[in-house]
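The following note sets out points on the structure shown below. Please read it alongside the sequence and the coordinates.

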Amino acid sequence: MSFENPRFGRMIPAMVTPFDDDLELDLDRAQELANRLVEGGSDALIVNGTTGESPTVFYPNKIDLFKAVVSAVDSRVPVIANVGDNCTADTVNFLQDVQKLGVDAFMCVVPYYNKPPQEGIYAHFKTISQVSEKPIILYNIPGRCVINMSADTTCRLAHDCENIVAVKEASGDLEQIECIINETPDDFDVYSGDDSATYDIMRLGGSGVISTIGNVTPERMKEIVELCAERRWDEALAANAALLPLMDGLFETSNPILVKEALSLIGFPVGGVRLPLVAATEQQSKKLELIMKECGVL
């Protein structure tokens, strides 16, 4: 059922957060970007995730950003607010504030830096689920969080918490991901957390992707997931291969440095990145431009 009709659709960009020349929030540009992504075929939007520089956008800024995107989207697609933190109490308090803003769902990351055991991860998310009036997407990204949320923990949460309805899986472990797909309820959605793994995960029964490249070329990523959904695997593989150099190229340095650079190259600048991230070098920009031309994005 989930593969056939995922709750939030199949192609969900994790929006970058636009900044002005002083690296303050550019809410007008955020609204323009949200419109661009919706018009480009996005099924939902993740606001202020990793690609949205969540570690350096503080709570009052996040509130303003969520309000601006909710207003711009105007119920055309679901708006999913990233509220995850590595402190359970802070996450709960912030979630309770954000759920008054008209967002449709939440994304919450595995607690980073603390290195909780699996039982701590389970208790963290169960506590959050008990106060949330909205659906929750879990986010497993061991490369940033140090700890991997096991398939067993994800499946326990999916079965025990009615409002935990999906996971963004960026573990890179296809065996783990297949286990989650097979062992969670039929209406639980498993999204690829890596654009380049989307084809493989959808072949296993995954629902789609929470996408980085979707900021740059939403139409092309949408085409891939729709071909997969129709089980037109050969065409999907060809479309995926044509875009794969850019999927990989955007991650040659820390995300979202090159995503913002790519948006600038296509004529939709969204400002720079906040420290400790730094702007793309001239060499990185030139290489990215060549890849974008090779993929037909420029």
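**Note on the predicted model**

1. Proline 276 is found in the loop between α11 and α12 (282-294), where helices (H or I, at least four residues) and strands (E, at least two) are DSSP runs numbered from the N terminus. The peptide bond that joins leucine 275 to proline 276 is cis, with omega near 15°.

2. As to provenance, this is a predicted model, in which local features need pLDDT of at least 70 and side-chain atom pairs count only at pLDDT 80 or more, while totals for chains, interfaces and linings use all residues. Residues are numbered from 1 along each chain as its sequence is written, and side-chain values use heavy atoms, with hydrogens and water left out.

3. A cis peptide bond also runs from asparagine 255 to proline 256, with omega near 10°. Proline 256 lies in the loop between α10 (233-249) and α11 (257-265).

4. Isoleucine 257 belongs to helix α11. It is buried, at 7% relative accessibility; buried means under 20% relative accessible area, exposed over 50%, and partly exposed in between (1.4 Å probe, protein chains only). Its C-alpha atom is separated by 6.6 Å from that of valine 273, 16 residues apart along the chain. When neighbours within four places in sequence are left aside, isoleucine 257 is in contact (heavy atoms within 4.5 Å) with Val273, Leu277, Val278, Ala279 and Ala280.

5. Serine 75, in the loop between α2 and β3 (79-82), has a positive phi, near 70°, and counts as exposed at 71% relative accessibility. Arginine 231, in the loop between α9 (218-229) and α10, has phi near 60°, likewise a positive value; with a relative accessible area of 45%, arginine 231 is partly exposed.

6. The model contains an open sheet of eight strands in the order β1-β8-β7-β6-β5-β4-β3-β2, with parallel pairing; two strands pair if DSSP finds at least two bridges between them. β1 (11-13) and β2 (45-47) stand at the edges with a single partner strand each, so one side of each has no neighbour in the sheet. Neighbouring strands of this sheet are turned by 25° against each other on average, direction ignored, with axes fitted as lines to C-alpha atoms (for helices over the stretch in contact) and angles running from 0 to 180 degrees between N-to-C directions.

7. β1 pairs with β8 (residues 208-211) in the parallel sense over three bridges. Methionine 11 has valine 209 of β8 as its bridge partner.

8. Which residues lie nearest the centre of the largest pocket? They are Thr50, Glu53, Ser54, Pro55 and Tyr112, from a lining of 27 residues. The elements that give two or more residues to this lining are α2 (59-73) and α5 (142-145). The lining of the largest pocket comprises 14 nonpolar, eight polar and five charged residues, and the space in this pocket is about 590 Å³. On a 1 Å grid over the protein atoms alone, a pocket is an open set of points where a 1.4 Å probe fits, with protein on both sides within 12 Å along at least five of seven lines, and lining residues have an atom within 4 Å of a point.

9. The second largest pocket has a volume of about 200 Å³. Its lining has 13 residues, of which Tyr139, Ile141, Arg144, Asp194 and Phe251 lie nearest the centre.

Note on methods. Grid points are joined across faces, edges and corners, and a volume is the space filled by probe spheres set on the points. Ala, Val, Leu, Ile, Met, Phe, Trp, Tyr, Cys and Pro count as nonpolar, Asp, Glu, Lys and Arg as charged, and the others, Gly among them, as polar.
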